[in-house]
Amino acid sequence: MLKIRMQGTLGDLRWFRRLLEQSEAVRVMRVSEAFANKGTKRFFRMYAEVEKEAEARSGNKKRK
């Protein structure tokens, strides 16, 4: 599983979230709401958890 921090304008974050959700290579497990960055009204951040689609389908999750 990957935990991803995304940062950008609200429009860019929406675009990238749709891109992730439409990807056949990954399964989006969770996406946070947009949080405002301190000191700016233009940029926001979001967090996502994704898995490789093959691992998500097979349930094969390797842990260390």
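Asn 37 is buried, with a relative accessible area of 13%. The cut-off for burial is under 20%. This is a predicted model, and Asn 37 sits in its loop between strand 3 and strand 4.

The side chain of Asn 37 makes a polar contact with the side chain of Arg 45, at 3.0 Å. Beyond residues up to four places away in sequence, Asn 37 touches Arg 5, Gln 7, Phe 43, Phe 44 and Arg 45.

## Strand pairing around strand 4

Strand 4 has several partners. Strand 1, residues 2-8, pairs with strand 4 in the antiparallel sense, over seven bridges. Strand 2 is also antiparallel to strand 4, and here five bridges are found. Strand 3, residues 35-36, joins strand 4 through two bridges, again in the antiparallel sense.

Ile 4 stands opposite Ala 48. Val 31 has Ala 48 as its bridge partner in strand 4.

## Ile 4 in strand 1

Ile 4 belongs to strand 1. Is Ile 4 buried or partly exposed? Its relative accessible area is 23%, so Ile 4 counts as partly exposed. Burial would require a value under 20%.

Leaving out residues up to four places away in sequence, Ile 4 touches Met 46, Tyr 47, Ala 48 and Val 50. Ile 4 and Glu 49 are 45 residues apart in sequence, yet their C-alpha atoms are 6.3 Å apart in space.

## The nonpolar core

Which residues form the largest nonpolar core? There are six: Met 6, Leu 13, Leu 20, Phe 44, Met 46 and Ala 48. Two elements give two or more residues each, namely helix 1 (10-22) and strand 4 (44-52). The largest share, three residues, comes from strand 4. In soluble globular proteins, nonpolar side chains tend to be buried together.

Met 46 is one of the core residues. Setting aside neighbours within four places in sequence, Met 46 is in contact with Ile 4, Arg 5, Met 6, Leu 13, Arg 17, Val 31, Ser 32, Glu 33 and Ala 34. Among them, Met 6 and Leu 13 are listed in the core as well. Ala 48, another core residue, is the residue that Ile 4 stands opposite.

## Aromatic pairs

How many aromatic pairs are there? The count is two. Trp 15 and Phe 16 form a tilted pair, because their ring centres are 5.9 Å apart and their planes meet at 50°. Planes under 30 degrees apart would count as stacked, and over 60 as edge-to-face.

Phe 16 has a relative accessibility of 29% and therefore counts as partly exposed.

Ser 23 lies in the loop between helix 1 and strand 2 (26-31). With a relative accessible area of 28%, Ser 23 is partly exposed. In sequence, 30 residues separate Ser 23 from Glu 53. In space, the C-alpha atoms of Ser 23 and Glu 53 are 9.1 Å apart.

Notes
Residues numbered from 1 in each chain as written. Predicted model: local features only at pLDDT ≥ 70, side-chain atom pairs only at ≥ 80, totals over all residues. Heavy atoms only, no water. Core = buried A, V, L, I, M, F, W, Y, C linked by side-chain atoms within 4.5 Å. Buried < 20%, exposed > 50% of the residue type's maximum accessible area, 1.4 Å probe, protein only. Helix = DSSP H or I, 4+ residues; strand = E, 2+ residues; numbered from the N terminus. Contact = heavy atoms within 4.5 Å. Phe/Tyr/Trp six-rings, centres within 6.5 Å; stacked < 30°, edge-to-face > 60°. Pairing = 2+ DSSP bridges. Polar contact = N/O pair within 3.5 Å; in protein donor to acceptor, adjacent residues only side chain to side chain.
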